Structures are given as structure tokens and as C-alpha cells.
Amino acid sequence: MTFTVAVIAHVIVGLVGIIATYAVALGTRKKTPSVVFLIWTSATAFVSFILSWAFGAYYYVLNYGANVKPVILAGKYPWAHSIFMEAKEHVFLFLPFLAFVTMLAVLLFRENIATDDRLRNSVFFLAMTTFLLGVFITLSGVLISGAVR
Amino acid sequence: MNPRTNATKLLRSAAIAGILAIVFVTAITVIADTYTPLKDWLKATFFHHWLGKGDIALALFVAVTTILYVLPQKSTDPTRMLHALAYASILGTIVLIAFFVAEAYHIL
């Protein structure tokens, strides 16, 4: 797998995860949430973040440090790496755990989630937080890509 | 033990483990960037410091979830831990951003 393919896969699968997480959040807000929808979207989010982790790890560990980071640090926007890449690469590590717990909540309490408002609100809050962290990570990635050019 | 109790125990255990994993990633990131031997150890042991942080966080998550699930728990409400997990991730993000800003501008 080339590094270009890896980073593209990392971005696409990551975006799928973020969209699926948003879908979970929206799904909990419905008057009558669809349990099947919540199970599929939460599972998609978790699997997507795991895959994004794997593709990103391949690109980051084997290519970014040696070939991309020096270019950014020597360029006009070194803070793109020093702040945004550094923050992004570590905040990203939170996402699989957040997504796993969200999926677990939906799976374990699928019989209650439609009628238990406290549980639904908690799942909404967790999914929304995960989504917003995903947006931050995505925007950081856009910044970093721009800084390389 | 009824299935609902097991489900509550498992979800609470995983949420607490998630909190600890996030706290761990945040703490080891700050410490490793300020104490080079730790970063060197992570690199030597796991090929790359970032891989090491992820691998240890994952192992910690699995271990803590398992241990807490096996131990008796008093609480019957998992929702507070779900909120706490979300807050932990927000706080961890703020700490990391603040740390890297401080490091980039030599405030530390």
C-alpha cells in the first residue's frame, strides 16, 4: 500500500466514522429511536475509527515523521505540526474508546434505549462529544495538509 | 445475577476504563514530551512513541474493564459514567492543546 493510498483511506474511513457518530447522536433525539439504526451506526463508527487508526498509523509511523514533518517545520507554518498535528495525533487515540463505549451502551441496553430518557441523553452527549472531537481532528488535518504545500 | 445487572456492570466498567485510558494518553503525552528518556523508552519498546501510547492505552482499557467487571459494584446507573467519559475526553483535549501551544511558544 502506498502512503498516498494510506492517508486517503485514513481520511475517508475517518469521515465515515464521524458521520456515523453524528447519526448516532441524531438517532437518539428521535421520538421513537430505531434500535437497529443505532446499533448499525454505532458499530460503523467504532469499526471506522479502528480502520482509520490502522491506516493513519501506517502513514504516520513510516512516512510522516521522516518526510512530511521536516517540510512543515521548515516552512511558513511550523505550528501546523507543533500544535495541530501533535494535538490531533493524540486526541485521535480517544476516539476508538469513546466509540466502543457508545456502541456498548446501545447494544447492552437496546431494549431500554427507546424509553429510558436518561440513557438516551447520555448516549447523545457521548456521541456528540465524539463527533465534535472528530470535527476538530478533521479540521486539524486540513490545516496540516495545507501547511505541507 | 440478572442480565440487566451484568449489562450495567459491563458498561460502567468500560466507561471507567475509557476514562483511565484517556487520562493515561494525556498524561504520558505531556510527560514523555518533557522527559526524553520516557519517549526514548516508548520508541525503543514499541518502534514509535505514538504506537506505544496507543498499545498501552488499549491494554489498560481491556485490563481495567475486565477487573472492574469481575469486582462487585454498588451503582446501578451507568449514565453518570457515560457523562464522565465525555467530560474526560473534553478535558484531555483541552489539556493537550494547551500543552502543545505552551511548548510551541516556549511558555514551558
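Helices here are DSSP runs of H or I, at least four residues long, numbered from the N terminus. The model is predicted.

Q: Which helix of chain A holds Thr21(A)?
A: Helix numbers run from the N terminus. The helix covering residues 3-29 of chain A includes Thr21(A), and that helix is H1.

Q: Is Thr21(A) buried or exposed?
A: Residues up to four places away in sequence aside, Thr21(A) touches Ala45(A), Phe49(A), Ala127(A), Thr130(A) and Phe131(A). Its relative accessible area is 4%. The cut-off for burial is under 20%, so Thr21(A) is buried.

Q: How many residues of chain A are in contact with chain B?
A: Contact is counted from both sides. Chain B brings 41 residues to the contact, and the number from chain A is 34.

Q: What area do chain B and chain A bury between them?
A: The size of an interface is often given as the accessible area lost when the parts come together. Here 82% of that area is on carbon and sulfur atoms. The total for chain B and chain A is about 3,400 Å².

Q: Which residues of chain B lose the most area to chain A?
A: Three residues together account for 20% of what the chain B side buries. They are Trp50(B), Leu82(B) and Phe100(B).

Q: How many residue pairs are in polar contact across the interface of chain B and chain A?
A: Both residues of a pair must have pLDDT 80 or more. With that condition, the number of pairs found across this interface is 5.

Q: Which element gives the largest share of the side of chain B that touches chain A?
A: Helices H1 (3-34), H3 (49-70) and H4 (79-104) of chain B each supply at least two residues of that side. The largest share is 16 residues, and it comes from H4(B).

Q: How many residues on the side of chain B that touches chain A are nonpolar?
A: Sort that side by class. It has 4 charged and 11 polar residues. The nonpolar count is 26.

Q: Which residue of chain B is among those that touch the most other members of the largest nonpolar core?
A: This core has 69 residues. Chain A gives Tyr64(A), Phe94(A), Leu98(A), Val101(A) and Val123(A) to the group with the most contacts. Elements giving two or more residues to the core include H2 (35-74) of chain A and H4 of chain B.

Q: Is Arg120(A) buried or partly exposed?
A: Arg120(A) forms a salt bridge with Asp117(A), the closest N and O atoms being 3.0 Å apart. Both lie in helix H5 of chain A, 3 residues apart, about one turn of the helix. Asp117(A) has a relative accessible area of 47%, so it is partly exposed. Arg120(A) is at 11% relative accessibility, so it counts as buried.

Q: Is Asp33(B) buried or partly exposed?
A: Lys39(B) forms a salt bridge with Asp33(B), with the closest N and O atoms 2.9 Å apart. At 22% relative accessibility, Lys39(B) counts as partly exposed. Asp33(B) is at 17%, so it counts as buried.

Terms used. Residues are numbered from 1 along each chain as its sequence is written. Chains are lettered from A and ligands numbered from 1 in the order in which they are written. This is a predicted model: local features need pLDDT of at least 70, side-chain atom pairs count only at pLDDT 80 or more; totals for chains, interfaces and linings use all residues. Side-chain values use heavy atoms; hydrogens and water are left out. Contact means heavy atoms within 4.5 Å. Buried area is the accessible area (1.4 Å probe) that two parts lose on being put together, summed over both. A polar contact is a pair of N or O atoms within 3.5 Å; within protein, one must be able to donate a hydrogen and the other to accept it, and residues adjacent in sequence count only if both atoms are side-chain atoms. Ala, Val, Leu, Ile, Met, Phe, Trp, Tyr, Cys and Pro count as nonpolar, Asp, Glu, Lys and Arg as charged, and the others, Gly among them, as polar. Buried means under 20% relative accessible area, exposed over 50%, partly exposed in between (1.4 Å probe, protein chains only). A nonpolar core is a set of buried Ala, Val, Leu, Ile, Met, Phe, Trp, Tyr and Cys residues joined through side-chain atoms within 4.5 Å. A salt bridge is a side-chain nitrogen of Lys or Arg within 4 Å of a carboxyl oxygen of Asp or Glu.
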